[in-house]
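Please take a moment with the sequence and the model shown here, and keep both in view while reading the paragraphs that follow.

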Amino acid sequence: MIASMLLCTLMLACSSEEPEWVEGKIYWSFETAGPVHSSPVLYEDAVFIGSDDGYLYAIGARSGKERWRFATGGGSSSPAVVDGSVYVGSQDGWLYSVGANSGTEQWSVYLGSGISGGVAVADGVVYVGAWDRAVYAFDAETGEELWTYITANEIHAAPAVDGGVVYASSWDGKLYALDAETGEVAWTFKAGDYVSAAPVVAEGQIFVGGEYEVPTADDGIFHALTP
């Protein structure tokens, strides 16, 4: 009996009580007319979110009330907000710049192919990848195209920008390091048969994961790379 009680104490497995679940309090909820696959962005006192109902929304961060909605014509990607402008791509092939306070269009560019990944903005330039296999750079103020780099397959993830380099993942299985000013490729890394997730740059390293069409012993490996 003593041995049994000691075992129960060590294993913490003899209690008949279920774990106590504590639910978080909902501050507010906001419902769109379609699935929400994009990530929200908080800017000043508003939350910006894209929905597959074809709208980009600005929602009061404290009130949860809609301030404005902007029609994108397709499922909206994760937005980016810089200096009072919201940049968002859409599956209808357009890249939009929208005033964060007004919700009015500032400029738009037609890429001709869907955008499902988010955008990155750095040093006055908007970077985005599209289903036509290309990584694009646009002037953030005017929407003027600065350069284009073509990969070997579709791009479904947002690029990352750090230290004058744009890191973009492609369904061709590679991570691309591109010069942020010229779009010229510095190097590529084969991370799998597909790379669907966005890379992250932190602490002087680039983190990216890949996947394989046919599962192998290497499937699911997560990579940390030096620039």
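Leu95 touches Val88, Gly89, Trp107, Ser108, Val109, Leu111, Ile115, Val119, Val126, Val128 and Phe138, leaving aside residues up to four places away in sequence, where a contact means heavy atoms within 4.5 Å. The model is a predicted one, in which local features need pLDDT of at least 70 and side-chain atom pairs count only at pLDDT 80 or more, while totals for chains, interfaces and linings use all residues. Residues are numbered from 1 along each chain as its sequence is written, and side-chain values use heavy atoms, with hydrogens and water left out.

Leu95 is also among the residues with the most contacts inside the largest nonpolar core, a group of 15 residues in which Leu111, Val119, Val128, Tyr136 and Phe138 are likewise listed. A nonpolar core is here a set of buried Ala, Val, Leu, Ile, Met, Phe, Trp, Tyr and Cys residues joined through side-chain atoms within 4.5 Å; buried stands for under 20% relative accessible area, exposed for over 50%, and partly exposed for what lies in between, with a 1.4 Å probe and protein chains only. At least two residues of this core come from each of strand E8 (105-110), strand E10 (125-129) and strand E11 (134-139), and E11 gives the most, with three residues. In soluble globular proteins, nonpolar side chains tend to be buried together.

Strand E7 (residues 94-99) is mostly covered, since five of its six residues are buried; strands (E, at least two residues) and helices (H or I, at least four) are DSSP runs, numbered from the N terminus. Strand E6 (residues 85-89) pairs with E7 in the antiparallel sense over five bridges, pairing being assigned if DSSP finds at least two bridges between two strands. Within this pair Val88 stands opposite Tyr96 of E7, and the hairpin that E6 and E7 form has four residues between them, with Gly93 in the turn at a positive phi of about 95 degrees. E7 pairs with E8 as well, again in the antiparallel sense over five bridges, and in E8 the bridge partner of Tyr96 is Ser108. The hairpin of E7 and E8 has five residues between the strands, and there Gly103 takes a positive phi near 75 degrees.

E10 and E11 also belong to an open sheet of four strands, in the order E9-E10-E11-E12 and with antiparallel pairing. Strand E9 (120-122) and strand E12 (145-150) stand at the edges, each with a single partner strand, so one side of each is left without a neighbour in the sheet. E9 and E10 pair over three bridges, and Val121 stands opposite Val126 in E10.

Taken as a whole, the protein chain has one helix and 19 strands, and buried residues make up 42% of its 227 residues. Its mean pLDDT is 87, with 87% of the residues reaching 70 or more, pLDDT being the predictor's confidence in each residue, from 0 to 100. Over residues 1-17, however, pLDDT stays under 50, and the model has two contacts beyond four places in sequence for that stretch. Where pLDDT is low, the predicted coordinates should not be read in detail.
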